[in-house]
Each structure stands twice: as C-alpha cells, then as structure tokens.
Amino acid sequence: DALPICLRRFAAKMSLHTRLLALARSSVQHARCIHKTSLQCGAGGSLFVHRDTPENNPDTPFDFTAENYKRVEAILGDYPEGHKAAAVIPVLDLAQRQNGWLPISAMNKVAEVLKMPQMRVYEVATFYTMFNRKPDRKST
C-alpha cells in the first residue's frame, strides 16, 4: 500500500512478463518433442526400427496368392494412373490378412507391387498401429 501507483503497475507488468516468459519456455520445450519419438518424449511406444530375426528378415519368403494378386489389381483400379502408391494402406492390410502379421518381406513385396521405395512402405507400416510387425502367439 505504501508503494506509489506507478511502482505497483510496474510490478504487475513484471509479474505478467515473468508468467509469459515461463509459458513461452514451456511451449519451446513441448515443440522440441515434435522432432523426437514418443518414447523419447516420455510417452509410450514401441521400437520404431526393424531388427532382423529368424522369422522376420528380408529373406523370409512372402508372395501374394493368385487370388490376392487379383484383389491387388482390383484395389489399384480404384486409383488414378500416377497415384497407385496411395493404395499402400489397403495393400499392406491385404498382406497382413494373408500372413496373419506383416513381416519385412511382405512390406518389400508391397513396395515392389506398387513400384514405390521400400522406405515409404516402412514409414506407413510403422506409423499406423493397425499393422502388426511382430507375430503374435496365435500366428506362430
């Protein structure tokens, strides 16, 4: 009460400034997590890299059945020329349904069928949690 009004206003502004500065710092820390995996940011998540195992490696045999090749052609018919790579999700789903899970060799086959880089297929398969990249106990 003994402080003049101008000093009280200055103190209030400094308090607001301090709060805004703290808010800005926390926003920057949150933004930095965008460039990290969810595991590094403290969230859950599984390993985002592939490790070769005896049952899941590039040499594991995988090919679509004749019936599923017909399904792939039907799926690709829904996409315009030059945009066939957009069919990656339904074709990956078909591979997973055929095999019970999605091994790396199936991802490579999808990349071959869609004429797209393998890395693009891996990116999609690792992003969506609907794709099981490890065999569950029932399918082994």
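Me: Buried means under 20% relative accessible area, exposed means over 50% and partly exposed lies in between, with a 1.4 Å probe and protein chains only; is Met107 buried or exposed?

Reply: This is a predicted model, in which local features need pLDDT of at least 70 and side-chain atom pairs count only at pLDDT 80 or more, whereas totals for chains, interfaces and linings use all residues. Residues are numbered from 1 along each chain as its sequence is written, and side-chain values use heavy atoms, with hydrogens and water left out. Met107 has its place in helix α4 (residues 104-114). Its relative accessible area is 5%, so Met107 is buried.

Me: How many helices and strands does the secondary structure of the protein chain come to?

Reply: Helices here are DSSP runs of H or I with at least four residues, strands are runs of E with at least two, and both are numbered from the N terminus. From the N terminus on, the elements of the protein chain run α-α-α-α-α. The count for the protein chain is accordingly five helices and zero strands.

Me: Which residues is Ser105 in contact with, leaving aside its neighbours within four places in sequence?

Reply: Ser105 lies in helix α4, and because its relative accessibility is 5%, Ser105 counts as buried. Once its neighbours within four places in sequence are set aside, Ser105 is in contact with Asn57, Pro58, Thr60, Pro61 and Phe62.

Me: How are α4 and α5 oriented to each other?

Reply: Axes are lines fitted to C-alpha atoms, for helices over the stretch in contact, and angles run from 0 to 180 degrees between N-to-C directions. Angles under 35 degrees count as roughly parallel, over 145 as roughly antiparallel, 65 to 115 as roughly perpendicular and the rest as oblique. α4 and α5 pack at about 125 degrees, with their axes 8 Å apart. The orientation of α4 and α5 to each other is therefore oblique.

Me: Into how many nonpolar, polar and charged residues does the contact of α4 with α5 divide?

Reply: On the α4 side the contact is made by Ile104, Met107, Asn108, Val110 and Ala111, and on the α5 side by Gln118, Val121, Tyr122 and Ala125. Ala, Val, Leu, Ile, Met, Phe, Trp, Tyr, Cys and Pro count as nonpolar, Asp, Glu, Lys and Arg as charged, and the others, Gly among them, as polar. The residues of this contact divide into seven nonpolar, two polar and no charged.

Me: How are α3 and α5 oriented to each other?

Reply: α3 and helix α5 (residues 118-127) pack at an angle of about 75 degrees, with their axes 11 Å apart. Val88, Ile89 and Leu92 of α3 make the contact with Val121, Val124 and Ala125 of α5, and by class this contact has six nonpolar, no polar and no charged residues. The orientation of α3 and α5 to each other is therefore roughly perpendicular.

Me: How is α2 oriented to α3?

Reply: Helix α2 (residues 66-76) and helix α3 (residues 88-99) pack at about 165 degrees, with their axes 10 Å apart. That makes the orientation of α2 to α3 roughly antiparallel.

Me: Which residues do ring pairs link into a cluster?

Reply: Rings of Phe, Tyr and Trp (its six-membered ring) pair if their centres lie within 6.5 Å, and planes under 30 degrees apart count as stacked, over 60 as edge-to-face and the rest as tilted; a search of the whole structure finds three such aromatic pairs. The rings of Phe62 and Phe64 are edge-to-face because their centres are 5.3 Å apart and their planes stand at 80 degrees, and those of Phe64 and Tyr69 are edge-to-face because their centres are 5.7 Å apart and their planes stand at 70 degrees. Phe64 counts as buried at 4% relative accessibility, whereas Tyr69 counts as partly exposed at 29%. The cluster linked by ring pairs consists of Phe62, Phe64 and Tyr69.

Conventions
Contact = heavy atoms within 4.5 Å.
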